[in-house]
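Please keep the structure open while reading.

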Amino acid sequence: AYDRDVIRANALGNFRTMLEAVTKSPAMLFYMDNYLNEKGSNENWARELFEVYGMGVENYLGSALQQSEVPGYPSAPVGYVDADVYESARAFAGWRVKDGMWPYDAEVQKDDGTFYFYPTWSDHFQKTVLGAFMTANPATDDHGRQVLDLIAAHPGTGRFIARKLIRRFITDTPPDSLVNSAAAIFTANIAAPNQIALVLRHILLSDEFKTTWGMK
């Protein structure tokens, strides 16, 4: 179901849409333990969201810096730090699965394997992620979706995704020129329903692809 309904359904679509589908997938909620995230008690998903699925380790500035010390903060921070991960873990608190494992809530008891936002476990206080301030008492799962918005729109994410696609289709040592031009396509089409397809088209029609025929 994860491959069919999440990955294949969004592989040539919009990255932000795909990111939310991944985040709310019961397979991912269980795999990264976010179904146990009560008021920010579990950071597994938040850290993987930044390091693997979104901005990549290449945009991680370490544990020593405070958010306010990141270059470009607050309007355009160039990367993320541990505090962004911790704040995001709080933002995804209460993102659960109807799994029949919680006897105190009728919705969770339904056990149909679908996503469920559990407000009792939500962290209702204010948060700051990538320089963006989130006011207290969000409506339902708003804070988590705001984090997804921020990561999907960050220029570092565009470069990270472009580099991964070039590695997959052309070479294990992606040239910076193609990474940057593909990332520009990614960012320019942030709201396009075929955003990923446009990036792939750019990569597969590039001179770099033509001159490395057969490598991948």
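Q: Is Tyr-53 buried, partly exposed or exposed?
A: In this predicted model, Tyr-53 has a relative accessible area of 23%. Buried requires under 20% and exposed requires over 50%. The value for Tyr-53 lies in between, so the residue is partly exposed.

Q: How are the rings of Trp-45 and Tyr-53 arranged: stacked, edge-to-face or tilted?
A: By the rule that ring centres lie within 6.5 Å, the count comes to nine aromatic pairs. The centres of the Trp-45 and Tyr-53 rings are 5.5 Å apart, with 35 degrees between their planes. Stacked needs under 30 degrees and edge-to-face over 60.

Q: What is the angle between the ring planes of Tyr-116 and Tyr-118?
A: Both Tyr-116 and Tyr-118 are buried. Their rings form a tilted aromatic pair, 6.1 Å centre to centre, and the angle between the planes is 35 degrees.

Q: Is Met-55 buried or exposed?
A: Met-55 is found in the loop between helix 4 (44-53) and helix 5 (82-91). Its contacts beyond four places in sequence include Leu-49, Tyr-80, Ile-151 and Phe-160. The relative accessible area of Met-55 is 0%, and the cut-off is under 20%, so Met-55 is buried.

Q: Which residue lies over the face of Trp-121?
A: A charge over a ring requires CZ of Arg or NZ of Lys within 6 Å of the ring centre. At 4.2 Å from the ring centre of Trp-121, the residue over its face is Arg-96.

Conventions
Residues are numbered from 1 along each chain as its sequence is written. This is a predicted model: local features need pLDDT of at least 70, side-chain atom pairs count only at pLDDT 80 or more; totals for chains, interfaces and linings use all residues. Side-chain values use heavy atoms; hydrogens and water are left out. Helices (H or I, at least four residues) and strands (E, at least two) are DSSP runs, numbered from the N terminus. Buried means under 20% relative accessible area, exposed over 50%, partly exposed in between (1.4 Å probe, protein chains only). Contact means heavy atoms within 4.5 Å. Rings of Phe, Tyr and Trp (its six-membered ring) pair if their centres lie within 6.5 Å; planes under 30 degrees apart count as stacked, over 60 as edge-to-face and the rest as tilted. A charge sits over a ring if NZ of Lys or CZ of Arg is within 6 Å of the ring centre and within 35 degrees of the ring normal.
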